[in-house]
Amino acid sequence: MSIYKTQYGREMSLKLYDAQLKKLGFSCKDVYVNTRFGRTHIVETGNLSGEPLLVFHGGNSTTAYNLLMYRFLLKDFHIYAVDIIGHPGKSDEVSLSPRNYDYGKWASDVIIGLGFDKISCFGVSFGGGVLAKLMCIAPEKVEKSVLIVPSGINNAFPISTVKMMIPLLKYKLTKIEKYIKETALFMAIKEEILDKDTLDMVKDSFDHVKTKVGMPSNVKERLMQQCKAPTLIMAGEKDCLFPARKVLPRAERIIPNNTVHMLKGCGHMHMMPEHEKKMIVDFLRSN
């Protein structure tokens with residue numbers, strides 16, 4: 001069962017993927033590993049003499065877009081950016097349940113496939129939920145973890161997410177592109193966040209991908225307590241999906257070795273100022 005609406009849509013989505021990867025200005029190598037759930041594609045890039053970092057992108061989005069948004073990581077780290085299985089990209093089109101721990105098992109298989117005993121990890125949104133599930137399933141494989149606006153800690157779907165459906169339906173009915181921006185603004189809050197790369201990605205997802213609405217469910221405290229890896233959790237103050245006021249208190253309670261930080265004034269989509277980028281890099285590089 002394809003994750004794309006049409007074969008043409010798949011081709012267009014992968015065309016955008018490749019175009020956005022080229023914008024990074026770093027050489028990118030295609031790596032494939034086999035997991036119990038299917039073949040998985042990884043983009044190897046960044047500073048190949050740096051510390052390895054496994055990166056998980058957001059849902060209904062791509063590794064290529066995620067790397068553009070967090071390209072500051074490429075200067076310091078040897079990046080393994082994985083296409084989440086069943087999401088847009090070059091991994092097998094096998095959809096896993098977000099309600100159990102299959103994504104954690106899959107991520108564990110990816111680490112084994114790459115030849116690591118343990119590795120530092122970075123996950124955004126849906127990818128943060130995948131990483132949270134990994135921390136529960138195979139805590140010994142996680143060196144450090146960074147969770148950015150993550151699902152899987154304390155998900156909340158307030159009325160604003162229902163309101164977001166109105167401009168999305170208008171776009172689907174009319175194909176007038178202003179409705180794409182209106183939909184994305186519920187997650188971005190500020191118009192300046194919606195640059196061309198972001199709007200291209202959102203439009204591609206609406207036009208060509210069978211949208212997944214289910215996010216990784218909240219992890220069990222007793223499982224997360226097993227993960228002693230240093231963990232940095234950043235959540236958006238105005239995030240309509242995973243608000244800081246819900247995510248950060250539970251993260252502090254259930255993650256043993258935690259550092260929490262609120263992205264002030266930020267929605268789910270955001271652009272980090274330099275001091276927060278530095279916070280992430282310093283956290284990952286510290287002994």
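This is a predicted model: local features need pLDDT of at least 70, side-chain atom pairs count only at pLDDT 80 or more; totals for chains, interfaces and linings use all residues.
Trainee: Why is the pair of Tyr70 and Phe122 called edge-to-face?

Mentor: The ring centres of Tyr70 and Phe122 are 5.3 Å apart, and centres within 6.5 Å count as a pair. Their planes stand at 65°, and because planes over 60 degrees apart count as edge-to-face, the name applies to this pair. By the rule for pairing, the count in this model comes to seven aromatic pairs.

Trainee: Where in the chain do Tyr70 and Phe122 lie?

Mentor: Tyr70 is in the loop between helix H2 and strand E4, while Phe122 belongs to strand E5. The two are 52 residues apart, and the pair links distant parts of the chain.

Trainee: How do you know whether Tyr70 is buried or exposed, and what about Phe122?

Mentor: A residue counts as buried when its relative accessible area is under 20%. The value for Tyr70 is 7%, so Tyr70 is buried. Phe122 has a value of 0%, and therefore Phe122 is buried.

Trainee: What makes Tyr103 and Phe126 an edge-to-face pair?

Mentor: For Tyr103 and Phe126 the distance is 5.3 Å centre to centre, and the angle between the planes is 90°. Since the angle has to be over 60 degrees for this class, the pair is edge-to-face. Tyr103 lies in helix H3 and Phe126 in helix H4, so the pair ties together parts that are 23 residues apart in sequence.

Trainee: How do you know that the charged end of Arg39 sits over a ring?

Mentor: The charged end of Arg39 is 3.9 Å from the centre of the Tyr32 ring, and the distance has to be within 6 Å, with a limit on direction of 35 degrees from the ring normal as well. Lys144 is placed over the ring of Phe283 in this sense too, with its charged end 5.6 Å from the centre.

Trainee: Why are helices H6 and H7 called roughly antiparallel?

Mentor: H6 and H7 pack at an angle of about 160°, with their axes 8 Å apart. Angles over 145 degrees count as roughly antiparallel, and therefore H6 and H7 are described in this way. Their crossing is left-handed.

Trainee: Which residues of H6 and H7 meet?

Mentor: On the H6 side they are Pro167, Leu168, Lys170, Tyr171 and Thr174, and these meet Tyr179, Ile180, Glu182, Thr183 and Phe186 in H7.

Terms used
Residues are numbered from 1 along each chain as its sequence is written. Side-chain values use heavy atoms; hydrogens and water are left out. Rings of Phe, Tyr and Trp (its six-membered ring) pair if their centres lie within 6.5 Å; planes under 30 degrees apart count as stacked, over 60 as edge-to-face and the rest as tilted. Helices (H or I, at least four residues) and strands (E, at least two) are DSSP runs, numbered from the N terminus. Buried means under 20% relative accessible area, exposed over 50%, partly exposed in between (1.4 Å probe, protein chains only). Axes are lines fitted to C-alpha atoms, for helices over the stretch in contact, and angles run from 0 to 180 degrees between N-to-C directions. Angles under 35 degrees count as roughly parallel, over 145 as roughly antiparallel, 65 to 115 as roughly perpendicular and the rest as oblique. A crossing is left-handed if the near helix is turned anticlockwise from the far one by less than a right angle, and right-handed if clockwise. Contact means heavy atoms within 4.5 Å.
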